[in-house]
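Here is a protein model to look through together. The questions that follow ask how each description was reached.

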Amino acid sequence: MPLGVIAAAKAGIDMVIVIGGFRSFCIIQSYDSEGLRSVPENSKSIAEDAALRCTCIDFSYRYRGGPKHCVKFKDVELRPDQPFENGDIKVTTAISQMSEGQTGSLVSITVEAFKPLELCHFETKYAASLEGYRMLANGFQSWSQATELGQEDRILPIQSMVATMTQYNLQGDYDFFEHKGEKGLIHSSAYTHFSRDGFYYFAGSLTEDLGYTYFKADFCRSCLGIYKDVVGKHLDCHQPLELVRIFFSQGDALGPLWDEYSRLFSKEDRRVRKQDIHVSGWTSWYNYYGDVSENVVLKNLEALVKHKYPIQVFQIDDGFQTAVGDWLTINEKFPRKLKPIVDQITEAGYTAGLWLAPFAVGFTSQLAKDHPDWLVLDEHGKPVVAGPNWGGFYALDMYHFEARAYLKKVFDTVLREWGFGLVKLDFLFAAAMIPRMGKSRGEIMWDAMTLVRDLVGPDKLILGCGVPLACAWRCVDYCRVGSDVAPWWEDAKLKYLHVRERVSTANSLTSTLHRWPMSDRMFGNDPDVIILRGHKNRLNPEERYTLSVLNNVLGALVFTSDNVSEYGKDEHLLYRATFPKVVASVSAVTEIAPAVYEVCFSFGGREYSVFANLSRLDKTVTLPTKPQLLFATDNEMHMTRRPSSFLNLLRQRHAPLFCAPGTKIVLKSHETKTFVHLFPAIQDSQGVAFLGSTSHIVPGAEIAHLRLSPDNTACAHVELMFHKDNARKHQVYLGIGPYLFANKSAVPHHPACKVNGVAPKFETFKVSGSTQHVLVAVVTEDAK
């Protein structure tokens, strides 16, 4: 995989061209008059060492206090033994291998000014053979889409007219990072990977505190760039600054690469919760939006308590304040203010949460009227507009002493006086709309996140949102990793207008599927809410189920905004099937076809595969070949029967569906199926095996205890206990002794067995995709 280039020539022999960023992954080729060919094996070590020793950089700067024009340099060759230096600046590079037992390298570029300078541009460039690879394009902030793209794809800008009319451009990086929209020109913020045939080449920045980093791949011109957003960054004299530091590595799984990257990440881990972080909760926004009131809050609190849903967090979102920015003046919809409500939430056993946008100041707020000097001002002295929401809002200047004191008062009141245990901090990007005070945008964003952690303290939880993600790593406890979910699948108009931050369930799920490695390593991923209600919801049953499964498997914090007292039987069945919250150990997420994904994870000693079809068409997928048997669960298993469907008629007993490995199945548009991997080859004649269940979206997650009681009798005695947080009617399928047989005639009489002292019913099921049959003990237990 190519991430560095040097051309070395010797008289009378071929020119050696090395493409590769470090020794452990590079493509080495030799060029002569006949074209490219492989370098002889004994030449590779020399070529690989040389590959580490050269890069080309473009950079520019201006003299502080001097002329406004920039001094520009282009295609400057840089090596560890050959720095660039003039009378103004010195630029050096260094490469180091990881220690023994670790893969990868660290590549750094350091700048040192000899005069007071201000940086304007900084970019490194490498030759790169990218054909056949797909690159992760990580969007700018929480809502900006993350997905894998390739040579035929493009990232299009928001058209200027659309930007002027909607101001959606302010939510992303459209105004300061060029989106050319050319085919094969892909960029990624803070980190990226290149994937092909199940192998990954990873690159991640370790200096986001100095400026946003972008990885730029030009598939058509065989080029890879690393761009540093350093506009406005001041360099003081004779103070070396490691401006770029990149971790490069490779492997056949992303998880271990992220493990190493997270260990190298320099930010102090200031999360309150580092273990046992997975939670479920309720938030007001996605049902009531700005119409939330005390009455709404208390009705939903009462409903959750009545139906005994074991959530941990109950959060009041936007709509309690008189205006955005006026956080301590509560509107008339909350006549008792907020503290009595917090007390009631706490008495119910939940952590109370409150939404704030600390760096947003509404146009019509009292804060903007009384303290215009607290606002971020542009070079002309005008307040900087940070977004179109609420009729428009400005950015609060966190470096202003009085504004900073105001924020401290807000957080002290919310957390210490009113008693909230969590704050959802939204629109955080507003803190760093422009470079100023000698700091780059990324540097300001880093300062902003450090500030909010300081203000919140070490004992209260932060849910970040609308934030460039690397700045939130190890700082917030949870963070949104996708756009807002919506009670519809896709916003076709905003998709057509190239708004990567658009509110859309499909858009949100795409980012959730591609940002999974962050969760538990950098913070707990918040994939946003699940929406199950039957009213004010255009999501069909398959879409609701897909949202529920993917968000619960890939997320650490999963909210809903539904009023559970308005649920019908199907909604209760599905919502109850999400408890207890599954803590999945995800090993891989693979896009096996356009918009069709396989998620591989383990939980409770079992292995699973989830297949999700986000496309508009039905798709055929092939099941894994590793297990010897698979048990399937899908939306139909968590609903009342709908006899209009022939398939439903066949499955109206909640019959388990067993599949042979390698079986081809059809996924309907927007449908998801989960498969438990079963390995019946090792079968003790008196053993007990879990084969499947119907009361959790992850079969088996509802089981707290399953074991065979040791005794010497001919009858097997099985102990089975269910998790206290799952209140559904249970149906569990067990194998007692050998249970997989070549055909139906080979199935013996069922063995003597008791489960919790009661003899279970035995049934035989055909294995889809083969002639085999499974002998199953069916155990049922009524709902609590």
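Q: What makes strand β10 largely enclosed by the rest of the structure?
A: Nine of the eleven residues of strand β10 (residues 117-127) are buried, so the strand is largely enclosed by the rest of the structure. Buried means under 20% relative accessible area, whereas exposed means over 50% and partly exposed lies in between, with a 1.4 Å probe and protein chains only. A strand here is a DSSP run of E with at least two residues, a helix is a run of H or I with at least four, and both are numbered from the N terminus. This is a predicted model, in which local features need pLDDT of at least 70 and side-chain atom pairs count only at pLDDT 80 or more, while totals for chains, interfaces and linings use all residues. Residues are numbered from 1 along each chain as its sequence is written, and side-chain values use heavy atoms, with hydrogens and water left out.

Q: How do you know that β5 and β10 pair?
A: Two strands pair if DSSP finds at least two bridges between them, and eight bridges join strand β5 (residues 55-63) to β10, the two running antiparallel. Within this pairing, C56 stands opposite K125 in β10.

Q: Which antiparallel partner does β10 have over six bridges?
A: That partner is strand β17 (residues 223-228), where I226 stands opposite T124.

Q: Why is H670 called buried?
A: The relative accessible area of H670 is 9%, so this residue is buried. H670 lies in the loop between β37 (664-667) and β38 (672-678).

Q: What makes the link between the side chains of H670 and E543 a polar contact?
A: A polar contact is a pair of N or O atoms within 3.5 Å; within protein, one must be able to donate a hydrogen and the other to accept it, and residues adjacent in sequence count only if both atoms are side-chain atoms. The side chains of H670 and E543 make such a contact at 2.6 Å.

Q: How is the lining of the second largest cavity divided by class?
A: On a 1 Å grid over the protein atoms alone, a cavity is a set of points where a 1.4 Å probe fits but cannot get out, and lining residues have an atom within 4 Å of a point. The lining of the second largest cavity divides into seven nonpolar, three polar and one charged, where Ala, Val, Leu, Ile, Met, Phe, Trp, Tyr, Cys and Pro count as nonpolar, Asp, Glu, Lys and Arg as charged, and the others, Gly among them, as polar. Helix α10 (residues 469-472) gives the most to this lining, with three residues.
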